[in-house]
Amino acid sequence: MSEPTRPIDNPEDNDGLSHQERRERATRKIMDETGIDQQMIHDVVHGFYDKVRADTFLGPIFDARIHDWDGHLQNMCQFWSSVALASGAYYGRPMQKHMSLPIDRHHFDQWLALFAETLAEICPPAAARHFMERALRIAQSFEVGIAAHNGVILSKGERYDPVSNWQPE
């Protein structure tokens with residue numbers, strides 16, 4: 001006989017903590033295990049976007065769309081605080097903002113390469129691993145979403161590359 005199921009919000013499972021208290025506990029645990037804090041997030045975000053802006057492949061795409069870099073960097077710090085620390089600091093819909101961009105697998109590969117380079121320069125190994133695991137999932141999710149937005153349904157392991165796969169009719 002199986003165990004009876006309990007509601008997800010059962011107070012017994014949460015030590016009587018509120019949602020905010022559970023979030024704060026989770027954030028503290030991640031910080032303790034990885035060394036990630038708000039200053040590190042700031043340094044990663046700013047260091048990464050310095051590289052992106054200087055990159056001849058990615059830079060023009062960002063420069064054509066971002067007119068308030070200070071606001072964008074602040075927003076990205078909140079995003080990565082939410083992603084890396086489960087802080088809940090970011091409220092937005094990042095997928096929608098990326099749907100119409102003229103990007104494919106090659107852009108994501110370069111984005112990941114620059115991000116990994118930034119992490120190697122700034123973060124201890126546990127933090128770099130933590131950030132990179134999440135960056136890989138984000139890149140994969142965005143690539144699949146952008147492909148679908150453009151009418152391409154990717155199979156497992158398939159990458160979005162509309163130019164390389166193009167055939168004349």
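**Exercise 1. Characterise the chain as a whole.**

*Solution.* Of the 169 residues in the chain, 38% are buried (under 20% relative accessible area with a 1.4 Å probe, protein chains only; over 50% is exposed and in between is partly exposed). The model is predicted, so local features need pLDDT of at least 70 and side-chain atom pairs count only at pLDDT 80 or more, whereas totals for chains, interfaces and linings use all residues. Residues are numbered from 1 along each chain as its sequence is written, and side-chain values use heavy atoms, with hydrogens and water left out.

Next, the secondary structure: the chain has seven helices and zero strands, where helices (H or I, at least four residues) and strands (E, at least two) are DSSP runs numbered from the N terminus. Among contacts (heavy atoms within 4.5 Å) between residues at least 6 apart in sequence, 70% join residues at least 24 apart.

**Exercise 2. Determine how α2 is oriented towards α6, and which residue classes form their contact.**

*Solution.* Step 1: the axes of α2 (residues 38-54) and α6 come within 9 Å and cross at roughly 135°. Axes are lines fitted to C-alpha atoms, for helices over the stretch in contact, and angles run from 0 to 180 degrees between N-to-C directions.

Step 1: α2 and α6 are therefore oblique to each other, given that angles under 35 degrees count as roughly parallel, over 145 as roughly antiparallel, 65 to 115 as roughly perpendicular and the rest as oblique.

Step 2: residues of α2 including Val44, Phe48 and Lys51 meet residues of α6 including Trp111, Phe115 and Glu121. By class, the contact of α2 with α6 has nine nonpolar, two polar and four charged residues. Ala, Val, Leu, Ile, Met, Phe, Trp, Tyr, Cys and Pro count as nonpolar, Asp, Glu, Lys and Arg as charged, and the others, Gly among them, as polar.

**Exercise 3. Locate leucine 101 and state whether it is buried or exposed.**

*Solution.* Leucine 101 lies in the loop between α5 (94-98) and α6 (105-122). Leucine 101 counts as buried because its relative accessibility is 13%. Leaving aside residues up to four places away in sequence, leucine 101 touches Arg65 and Ile146.
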